[in-house]
Amino acid sequence: MPLKAIWTLLFCLLWGPCLAAETITHESVAGYSPSQAELRLIFSRQKLFWPNGDPITVFILEPDSEEHRQFCIQQLSLLPYVLQRRWDRLVYSGTGDRPTIVPNEQVMKQLVASTPGAIGYLGSADASQGGDHEDL
Amino acid sequence: MRTYSFIFLLLFSGPLWATGQDWQFNGYLNQAYANVDGSEFIVGDDSSSFDLTEVMATASWQPLSAVRLAGALTYRQWGTLAESDVRIDYLFAESRWQLSEGHLGLRAGRMKNEVGFYSSTRDMSFTRPGIMLPQSIYSDYFRDAQLHVDGGDFFGRINLSEGILDWHVMAGRSASSEDLTRNIFGEGDFGELDSNSFFSVDLEYQADEWRIGTTYYSAGVEYHPGGVFFAGELDLHAWVFSAEYSWRWFELTGELLLGDRHTQGVYIPPAAGKIKDHNRGYYLEGRALLPENVELFLRYDDYVDNTDDDAGSRYAAQSGNPAYFAYSKDWTFGGRWLLNKDWLLAAEYHWIEGAAWVSPLLTRDPNQQAKNWSMLMLQLSYRIQW
């Protein structure tokens, strides 16, 4: 078994049941698939523009929610507080902003669908259902 | 100051007129406790202190995609090292231009310097590695002479295939307070230190597993004498090299400082002219990121005040003080527990030999400072993200 798979399995065993977390984007950037390394930079607010020049707007669920944790571990291979440490460095030195925190998946869907250049995620089976979003 | 106050008012009144995602507010509160055995570092005459409080409120407003205003107000007291005070931590206007792979930008106002990995966020418990930063690189006694810079920052970012390269060129004047004078000379009428110029160049590369940085800075301090000392100035030039390697649940971090200090007057008779000496500091830290949001770390921090006099024998012969005032070796074991997204509990224990960074630097008292000493620190932090 490859090392990465073993770690992923260990993550899942230690951090509860694995739900399918998936990124969603506004239709203006739907054709672009960032690598995992790029996703980490995007969700830590270190990469601020899409290749087409549009500014990136990042939405996340509450940082201590199960959905956020699953997303960080599955899609970014980072622990949530390690991700937050990256944007905290920008926020508290004044040099950048954190992602916008939204209260639930319904609001997440609405905001991602209505904000050009937006990216977010859905943490449950909702991600695979249709609507105003594109899976990456 | 009046201009700063006006911009602040404008920034923090954001909720009244701003909408959507163009403004953000953040804040935190840290309360720490220190118990020190064998030294008066931080705690003064008492063996322990609760006078370790840090409060910060920040606001950021982005009216246009290329323009941003950011400001922060802090209240801070840090035992004997910083008296209780409210200050503008930073307040600047920023303009960015997007490039095909990255951006360029300009900031003007008061900014935090970017020396090493932690300087710009050194007061924020969630971002710094422990309660007290490794003093070899981030000495608390000298914090004031370099942390806040009134001036300009020309900065940029280049997106590379698997990482980013950030750089800053910062120039201006550092905004120091009376804490600096007291930390160098001690209590009493010893005149005043005034920060002069500050200049720095900072480069940092961050990829998945590596974070590597280099900073050069120079800080000038002018001395208006009092007591037994002489009028003069201090010029400090330093290189800081930083590296961090992360592999899943483990992080290894090291930073090295190589400094030149040019001293004219102050404690050197004017006839002796300008004296140049070199100082050196480094630390190595291993950190484990454990389940349930717990981190444990072990750090070794080493500082030598004059690299031509590692063991302090020359210092001892010249000053009559024990040689252990010329160096510091600090072993720290600590941990943090993120109770939930807003609360952080931290604890650390220091075993220290030597007292090179124990203030006051120029009026040492061997009766109050042992060669081997220790420190226990605890801290509870809360943050707010509007």
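Read along the sequence, chain A runs α-β-α-β-α-α-β-α-β-β. That comes to five helices and five strands. The model is predicted, with ipTM 0.85 and pTM 0.87. For chain B the mean pLDDT is 89, and 95% of the residues in chain B reach 70 or more.

**Chain A as a whole**

- Chain A has 136 residues, and 45% of them are buried.
- Take the contacts in chain A with a separation of 6 or more: residues 24 or more positions apart account for 66% of them.

**Where the chains touch**

- Chain A puts 27 residues into the contact, and chain B puts in 30 residues.
- On the side of chain A that touches chain B, four elements each supply at least two residues: α1 (3-14), α2 (36-43), α4 (80-93) and β3 (100-102).
- Which element of chain A gives the most to this side? The answer is α4(A), with eight residues.
- By class, this side of chain A has 14 nonpolar, six polar and seven charged residues.

**The nonpolar core**

- The largest nonpolar core holds 99 residues.
- Leaving aside residues up to four places away in sequence, B:Val36 touches B:Phe41, B:Ile42, B:Val43, B:Ser47, B:Trp373 and B:Met375.

**Helix α2 of chain A**

- The buried residues of α2(A) are A:Leu39, A:Arg40, A:Leu41, A:Ile42 and A:Phe43.
- What covers them includes parts of both chains. Chain A provides β1 (22-25), β2 (57-61), α3 (66-76), α4 and β4 (118-122). Chain B provides β7 (163-174).
- A:Arg45 follows α2(A) and lies in the loop between α2 and β2 of chain A.
- A:Arg45 has a positive phi of about 65°, although it is not a glycine.
- Is A:Arg45 buried or partly exposed? A:Arg45 counts as partly exposed because it has 19 C-beta neighbours inside 10 Å, and a buried residue needs 20 or more.

- β2(B) (residues 48-64) and β3(B) (residues 67-78) pair in the antiparallel sense over 11 bridges.
- A hairpin joins these two strands through two residues.
- B:Trp61 stands opposite B:Leu69 in β3(B).
- β3(B) also pairs in the antiparallel sense with β4(B) (residues 82-99), over 11 bridges.
- Here B:Ala70 stands opposite B:Phe92 in β4(B).
- The hairpin of β3(B) and β4(B) has three residues between the strands. In this hairpin B:Gly79 takes a positive phi near 55°.
- In a regular strand the side chains alternate between the two faces of the sheet.

**Helix α3 of chain B**

- α3(B) (residues 178-185) is mostly covered, with seven of its eight residues buried.
- Among the buried residues are B:Asp179, B:Arg182 and B:Phe185.
- The cover over the buried residues of α3(B) includes β4 and β8 (191-207) of chain B.
- Just after α3(B) comes B:Gly186, with a positive phi of about 90°.

**Loops and backbone exceptions in chain B**

- Most residues other than glycine have a negative phi, and most peptide bonds are trans.
- B:Ile42 is not a glycine, yet its phi is positive, near 70°.
- B:Ile42 is found in the loop between β1 (23-37) and β2 of chain B.
- Why does B:Ile42 count as buried? It has 25 other C-beta atoms within 10 Å, and the cut-off is 20 or more.
- The peptide bond from B:Ser359 to B:Pro360 is cis, with omega near -5°.
- B:Pro360 lies in the loop between β15 (343-354) and β16 (372-385) of chain B.
- B:Pro129 sits in another loop, the one between β5 (102-112) and β6 (148-159) of chain B.
- B:Pro129 counts as buried because it has 27 C-beta neighbours inside 10 Å.
- Leaving aside residues up to four places away in sequence, B:Pro129 touches B:Tyr118, B:Glu285 and B:Phe297.
- B:Pro129 and B:Ala271 are 142 residues apart in sequence. In space they are 44 Å apart, C-alpha to C-alpha.

Technical notes:
Residues numbered from 1 in each chain as written. Chains lettered and ligands numbered in written order. Predicted model: local features only at pLDDT ≥ 70, side-chain atom pairs only at ≥ 80, totals over all residues. Pairing = 2+ DSSP bridges. pLDDT = per-residue confidence, 0-100. Contact = placed C-beta atoms within 7 Å. Nonpolar A, V, L, I, M, F, W, Y, C, P; charged D, E, K, R; others polar. Buried ≥ 20, exposed ≤ 12 C-beta atoms within 10 Å, placed from the backbone. Core = buried A, V, L, I, M, F, W, Y, C linked by C-beta atoms within 7 Å.
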